[in-house]
Amino acid sequence: MRRLSRTLRYTPASVLNPLKGLVPYQGDHRTRFPHSLEFNYLPLSGILVGPDTYDWTPLENLLSDISGRGHQAVFRIFLEYPGKRNVIPKYLIDRGLKVFRYVNTNTQPLPPTEVETPDYRDPRLTAALTAFIAALGKRYDGDPRLGFVTAGLIGTWGEWHTFPRSELFAPKAVQEAVLDAYESAFRTTPVLLRYPAGPKDEVYSPNHRRRFGYHDDSFAWATLETGKRDDRWFFLSLLKTAGPEAQAKWKRFPIGGEIRPEAWGKVFDTPPGDRRIQDFRTCVTRTRVTWLMDTGMFEKPPSPERRRRAETEVRRMGYEFHIPGVTIEREGDSLMVRTEVTNRGVAPFYYDWSSEYAIATPQGAFLRTFPGNGRITGLLPGDSPRLWEDRLTLTGLPSGHYRLLLRLRSPLKNGVPLRFANAEQDTCASGWLTLANLER
């Protein structure tokens, strides 16, 4: 029996990694800043066209467009949006659903504009929403074109508030029905909520024990606790109030969000130019955020300095997997491969992507691939190295020199590959980590 133990070198992982990082609005922004996700809103009226009648064309178009670029989608469906009309399904209005029209003054940095808010207390609306969520999950849960879903549907922009007209917001019973529907409908694709809420929350139905992540849509602006009474709605203040179970959510469910528009792009400058902008690195470390929308990095090419700082900081978001070592024991044509895996990021990986090995020539020509037993889910930052053990066979391969490669296989055929934080990543074949040289 021959035994080979090899230490692999750490180097910061690529800023372009799947299911993490900065997120632009839907469109081809690949020349502006590296990204693997794209976001967009959709009005409910474009999909829910009648009682239990759905036209999925708008969502299909969104997913097909985004996946065509090798990216995965984050979307939110809304019932009200300042400045937009006809977003509430018409058949509900025709059947008597009341609509409140008023000028919304909570539209900074844009000027106040009119918004239409449905009567969330109408049981016909609740029934329509829960049926829609069930149909949405049945069709799209686990779709590889999807990265994350923000719950939406309730409140201005689907952000679960109607401020400053808070009296129009959905009561807890309606919220609970929507949350129940999402939990039943989505078992694979993560769903994220805007506000953490514990059992004593005065506005929101408790979600601290539910199978949801959270999204902070005022990131690096209203994220860190300040101790001020008026800032109790800041994300980490709400998370603390919601209790330890909510604070531990990141271990199983993702944290996402949006950098506050007033901080777009600027958050990566030194100094950022606005004292209200909170330190990005501290916000990432404290929230353990995986993805963030930030139009400021995609509107136009950033300066070299801003881009360099952004790449450094964005790498710190989400996971960062490193292979510190591999041991290979060979007996005849059989290889026992033991691979160590560590997570040097701030959050885990939330999908069950399987490992895969390959035997390739030194020039990168693939001769054989093997499914691996290794799984990446649940590997937390600071955990002891996880050991993957796999038995491979060289039977049938001619004599020669080979490379043993490893990757995590994306379910999206043209998707962005997950790259390890190793100097040996991509040295033989793009998207693959070279574990060792072999000779037969």
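User: What volume does the second largest cavity have?
Analyst: This is a predicted model, in which local features need pLDDT of at least 70 and side-chain atom pairs count only at pLDDT 80 or more, while totals for chains, interfaces and linings use all residues. Residues are numbered from 1 along each chain as its sequence is written, and side-chain values use heavy atoms, with hydrogens and water left out. A cavity is a set of points, on a 1 Å grid over the protein atoms alone, where a 1.4 Å probe fits but cannot get out; grid points are joined across faces, edges and corners, and a volume is the space filled by probe spheres set on the points. For the second largest cavity, the volume is about 30 Å³.

User: How many nonpolar residues are in the lining of the second largest cavity?
Analyst: Lining residues have an atom within 4 Å of a point, and here they are Leu19, Phe148, Tyr319, Pro348, Phe349, Tyr350 and Tyr351. Ala, Val, Leu, Ile, Met, Phe, Trp, Tyr, Cys and Pro count as nonpolar, Asp, Glu, Lys and Arg as charged, and the others, Gly among them, as polar. The lining has no polar and no charged residues, and its nonpolar residues number 7.

User: How much space lies in the largest cavity?
Analyst: The structure holds 2 cavities of 30 Å³ or more. The lining of the largest includes Trp160, Arg194 and Tyr195, and by class it has 5 nonpolar, 3 polar and 1 charged residues. The space in this cavity is about 50 Å³.

User: Which element gives the largest share of the lining of the largest pocket?
Analyst: A pocket is an open set of grid points with protein on both sides within 12 Å along at least five of seven lines; the largest holds about 1600 Å³ of space. Its lining has 48 residues, with Asn106, His161, Arg194, Tyr195 and Trp233 nearest the centre. Helices (H or I, at least four residues) and strands (E, at least two) are DSSP runs, numbered from the N terminus. Strand S11 and helix H5 each supply at least two lining residues, and the largest share, 4 residues, comes from H5.

User: What is the volume of the second largest pocket?
Analyst: This pocket is lined by 16 residues, and those nearest its centre are Arg187, Thr188, Pro190, Arg211 and Phe253. The lining divides into 9 nonpolar, 2 polar and 5 charged residues. The volume of the pocket is about 270 Å³.

User: Is Asp230 buried or exposed?
Analyst: Buried means under 20% relative accessible area, exposed over 50%, and partly exposed in between (1.4 Å probe, protein chains only). Asp230 lies in the loop between strand S11 (213–219) and helix H5 (235–242). Its relative accessible area is 66%, so Asp230 is exposed.

User: Is Asp143 buried or exposed?
Analyst: Asp143 lies in the loop between H3 and strand S9 (146–150). Leaving aside neighbours within four places in sequence, Asp143 is in contact (heavy atoms within 4.5 Å) with Leu63 and Thr189. At 14% relative accessibility, Asp143 counts as buried.

User: Why do the buried residues of H8 line one face of the helix?
Analyst: In helix H8 (residues 304–314), Arg306, Ala310, Glu311, Glu313 and Val314 are buried. The arc is that of the directions from the helix axis to the C-beta atoms. On the other side of H8, Pro304 and Arg308 are exposed. The buried residues line one face because, seen down the axis of H8, they fall within an arc of 170 degrees.

User: What arc do the buried residues of H7 cover around the axis?
Analyst: Phe280, Cys283, Val284 and Thr287 are buried in H7. They lie on the same side of H7, which follows from an arc of only 100 degrees.

User: Which residues touch the most other members of the largest nonpolar core?
Analyst: A nonpolar core is a set of buried Ala, Val, Leu, Ile, Met, Phe, Trp, Tyr and Cys residues joined through side-chain atoms within 4.5 Å. In the core of 130 residues, the two that touch the most other members are Leu22 and Leu59.
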